[in-house]
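Trainee: Could you take me through one part of this model closely? I would like to hear about the nonpolar core and what surrounds it.

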Amino acid sequence: MRWRRGSQFATAGMAILALVACGGSSGGGGGTTALNIAFLPKAVNNPYFDVAASGGQEAATALSGQFKQVGPSEATGAAQIPFIQTLTQQNVSAIVVSADDPDAIAPALKQAMAKGIKVVGYDSSPAKDARNVFINQADSKGIGVVQVQMVCDEIPGCAGEIAVLSATSTATNQNAWIQAMKDELASNSKYAGLKLVKVAYGNDDPQTSTTEAQALLTSYPNLKGIISPTTVGISAAAQVLKQTGKAGKVQLTGLGTPNLMRAFVKDGTCKEFALWNVKDLGYLAYYTAALLVQGKIKGNPGEKFTAGRLGDYTIDPNGVVLLGPPFVFKADNIDQLNF
Amino acid sequence: MSTLALALSRRWESLLVILLVAFIVLGSSLSPFFLSGSNFSDLTSNLMEKAIMALPLALIIIAGEIDLSVESMLGLASALLGFTYALGWPLWLDIPLVLVAGATGGLLNGLLVTRAGLPSLVVTLGTLALYRGLASVVLGPRSVSGWPQWFTDFGFGDVPGTLIPWPLLVFAVLALAFLFVLNRTWIGRQIYAIGKNKEAARYSGIDVAKMKTFLFILSGVLSALAGVILTARFSSARADNGQGFVLDVVTSVLLGGVNIFGGEGTIVGVVLAIFVIGVLRNGLTLADVSPDTQSVAVGALLILSVAGPTLVRRISAARPRRQLTKPVSNS
Amino acid sequence: MSAQAIDSPSNSALAGRLGLERTLTLVARLREAGILLVLLAVVVIVTIQAPLFFSVSNFEQILLNVSLIAIVAVGQTTVVLTRNVDLSVGSVVGLVAFASGDLLKEHTLGVAGAIAVGCALGLGLGALNGLIVAVARVPAIVATLGTLYVYRGLDFLIAGGKQVSAIDLPHDYLGIASSSVLGIPTLIVAAALIAVVAAYLLRNSGVGRQLYAIGSNPAAAEVVGIPTQRLIFGAFVVCGLCAGVAGVLWGSRFGSVNALAASGLELQVIAAVVVGGVNIFGGSGTVVGAVLGAILLATIENALRILHLSEFWLLAIDGAIILLAVGTDAAIRGYFQRILVRTGRR
């Protein structure tokens with residue numbers, strides 16, 4: 001009796017182990033030169049990344065390549081790993097990824113690269129040795145500085161307590177910008193009156209961002225300004241300021257998309273905020289990945305290339321390509337862009 | 001186990017094997033990339049932490065209790081590992097320390113359930129929150145990386161020359177050990193007895209409290225081990241590692257034929273169930289179905305797996321009993 | 001697993017002396033008083049450290065945060081009283097929140113219509129839970145674990161990675177969360193109303209008493225002729241409805257809804273219910289207790305923030321409180337047992 005059950009177990013176990021142990025090679029050649037490029041953002045239910053995806057789609061159409069976007073619903077590094085593995089199994093030609101956690105996804109990305117798949121970082125870079133090129137939307141320092149500048153402009157007298165409502169605590173880009181903000185606040189005497197009291201994390205989740213924003217208002221009653229360098233965070237904070245009636249008393253700025261923030265800019269909840277052309281970011285990322293796949297560039301520092309309608313770019317010594325300077329949105333220009 | 005329970009269990013395991021094969025067929029029809037060694041390797045390595053936690057949980061549920069805190073113990077272990085490593089302590093010291101912490105957490109669960117007599121559902125609900133909270137206190141929002149190459153290779157890589165992930169080896173050894181202990185030793189017999197009828201077990205001399213406490217400690221240690229492996233696989237120690245795991249782990253155990261009320265269940269069934277869910281999820285993932293949508297299938301599977309046998313039992317109980325003895329023929 | 005419900009045979013002697021009604025009431029009131037005392041203690045201690053804490057606007061903030069959880073906790077209490085549990089409430093709230101938000105976004109329905117559909121959806125999902133538990137006889141913990149997965153998966157299917165943002169929603173809808181009735185925020189009034197109605201019905205109606213009976217001794221309840229399966233089904237329907245109401249109000253409160261909304265809510269609700277003195281094995285506990293439990297947990301969270309203590313302690317403290325609450329309940333029950341033994345009335 002026991003043997004029968006044992007043999008069932010053995011059969012099933014053998015089958016699995018055999019496949020795992022011997023298993024035929026799965027596409028040993030790596031990526032192909034046909035353009036099958038996948039975008040893997042921090043999370044899929046994020047309007048910011050949807051806009052970037054539309055840019056990627058535009059580039060795909062221009063180059064007659066394939067485009068798809070996959071990603072986790074929660075912005076954690078751990079959640080991105082299975083997607084990278086799946087894309088590797090599916091033998092895509094390139095992965096364009098925005099990293100929730102630069103180190104967590106590095107082993108999986110390196111495995112993809114070992115198979116010949118090109119890896120391009122965008123928005124938030126994976127570890128340097130786990131990607132071929134990183135497309136940065138703007139100079140990290142510049143992004144941090146412009147936000148401090150904006151909050152100073154908004155707060156009467158440029159003095160008082162300010163707080164930052166960020167996304168996840170490990171996101172490369174967020175930490176780079178926040179560090180730039182801290183450096184700027186410390187070194188530039190113009191901001192001597194401003195005091196950064198807290199960095200809160202909304203995890204790019206509307207609910208968490210709302211609760212964190214409320215908590216900031218409760219724990220720091222003298223708060224004069226909130227900087228939120230993430231679309232989900234800034235719209236949640238704007239909503240909270242309006243609901244609690246603090247709009248106008250506590251200033252708000254950061255990074256957001258014009259469509260989400262239009263109403264708040266027009267009614268004064270958020271006087272100005274910045275961003276870049278997110279669609280162009282996606283376009284450039286796809287184009288760069290395509291050029292890598294086709295072998296037209298290698299990803300080495302100093303290489304120059306032309307990215308379709310966007311023009312010429314050069315890869316800097318760190319393997320980074322800059323899209324351009326950040327763009328400041330105010331009431332008088334917010335109707336110009338639609339995304 | 002009683003003969004009836006044994007018979008039902010074997011039937012259940014056969015069903016699981018059929019399901020497993022069916023899902024493998026489904027997976028290969030949905031995507032050409034499914035049937036490959038490296039895919040199975042990936043699929044398996046993603047499962048191993050949950051699989052390791054499912055083994056002691058199966059024993060706990062058979063014994064009539066439950067442990068919801070496993071995922072938080074995993075997170076706490078990861079956080080402690082990261083914390084001690086960041087302090088500069090070497091891994092050969094950190095890992096055993098973390099396992100001891102797991103044992104302590106399990107001990108707390110065990111004592112609250114056996115000495116204080118509190119229901120395990122609520123106790124482990126509390127420790128689910130408590131241990132996750134402690135993980136946050138220890139490590140905060142940061143993550144610790146920069147692990148030695150051998151550690152990362154162990155978590156993420158395969159045994160050289162094969163496609164077998166190292167953690168699979170660990171799990172295989174543990175599974176065989178659990179199988180042996182549950183089926184062939186007095187420990188296993190006691191566990192089933194406790195699950196079937198706690199009072200009867202106590203009257204026949206079994207130290208119920210000690211056994212249950214031991215099981216909770218075992219769960220704590222293995223959850224901590226899973227935490228170490230997860231940290232290696234992600235090469236990142238974080239307080240929120242393992243968040244959301246407990247549902248999959250409990251589902252694996254229940255789908256594996258373990259009765260939620262205790263007294264019935266097998267390790268073979270649980271192992272099969274782990275792979276059934278893993279293969280199903282993997283097949284759907286390769287077909288670009290998002291993990292959250294996959295949950296509809298997993299949830300339905302769980303409900304049907306319990307509703308099915310329950311309905312079968314009710315129908316067979318309702319049918320009039322045949323004569324149990326043949327009439328004696330007079331010569 | 002042995003249940004120590006308050007009207008089990010061993011307590012019947014005490015019950016005989018005081019009368020069953022008054023025993024239940026006595027213990028319930030004691031427990032509620034206990035939470036109130038702890039609440040008071042927390043308020044006093046925190047106010048001394050940070051006078052800011054003791055303000056109308058801050059208390060309002062706490063109650064607003066609690067209101068949605070409290071509504072769901074009312075439904076959960078109804079289910080737990082019958083010795084069951086509903087783990088799927090978070091998924092129900094999320095699914096209803098997104099569905100009603102989406103209906104408003106696409107202008108398929110007006111505010112009133114969306115609310116009606118949302119509540120009906122919650123009711124329906126609760127009914128499905130009830131069917132699986134009462135008809136198919138799947139243990140509640142398994143059934144609702146399964147539907148937690150299924151409902152959340154359906155949520156993702158219809159959401160498909162999109163979200164409903166504040167700009168998509170009509171002003172009247174968003175206005176619900178920021179409006180007030182006689183100076184008290186609408187959400188708080190709604191939660192209070194639901195709690196009061198439920199508490200009254202559970203205590204004073206025949207159906208309410210039957211629910212308690214089912215929880216303390218299901219077999220005996222059957223024997224006495226109580227339609228247990230039908231009532232359990234009804235309890236799940238009520239729970240689904242409460243979750244539906246909370247889901248409808250969710251979008252108004254948070255402005256943005258995506259498929260992840262209300263993930264993990266079930267644990268918060270069960271924690272509140274347990275802290276509130278509701279016995280996880282059914283048969284005892286009150287809605288008022290559950291709501292007080294929710295308020296206590298929310299107050300502590302608020303206190304941590306005001307005191308600028310690391311919010312990372314929050315979860316650990318929540319866990320410790322759950323353990324303490326359950327331990328206290330067990331101790332109280334043990335105390336009653338010992339009284340009975342000593343007075344020889346066993």
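Predicted model: local features only at pLDDT ≥ 70, side-chain atom pairs only at ≥ 80, totals over all residues.

Mentor: The largest nonpolar core holds 325 residues, and the members that touch the most others are Ile95(A), Val96(A), Val276(B) and Val72(C). Helix H11 of chain C, residues 228-254, is the element that gives the most to this core, contributing 17 residues. In chain A, both domain 1 (36-137 + 278-324) and domain 2 (140-275) supply residues, so the core lies between these two domains.

Let's zoom in on Val96(A). Leaving aside residues up to four places away in sequence, Val96(A) touches Ile37(A), Phe39(A), Leu40(A), Val120(A), Tyr122(A), Ala285(A), Tyr286(A) and Ala289(A). There is also a second, separate core of 5 residues, which includes Ala43(A), Ala75(A), Ala167(A) and Ala171(A).

Now for the place where chains C and A touch. Chain C brings 23 residues to this contact and chain A brings 19. On the side of chain C, helices H3 (56-81), H7 (171-178) and H13 (287-306) each give two or more residues. H13(C) has the largest share, with 3 residues. By type, that side of chain C divides into 10 nonpolar, 11 polar and 2 charged residues.

Finally, confidence. Chain C averages a pLDDT of 86, with 92% of the residues scoring at least 70. Among its elements, helix H1 of chain C (residues 12-18) has the lowest mean pLDDT, 49, while helix H5 of chain C (residues 111-135) has the highest, 95. For the complex, the predictor gives an ipTM of 0.83 and a pTM of 0.86.

Terms used. Residues numbered from 1 in each chain as written. Chains lettered and ligands numbered in written order. Core = buried A, V, L, I, M, F, W, Y, C linked by C-beta atoms within 7 Å. Buried ≥ 20, exposed ≤ 12 C-beta atoms within 10 Å, placed from the backbone. Helix = DSSP H or I, 4+ residues; strand = E, 2+ residues; numbered from the N terminus. Domains from an automatic or database assignment. Contact = placed C-beta atoms within 7 Å. Nonpolar A, V, L, I, M, F, W, Y, C, P; charged D, E, K, R; others polar. pLDDT = per-residue confidence, 0-100.
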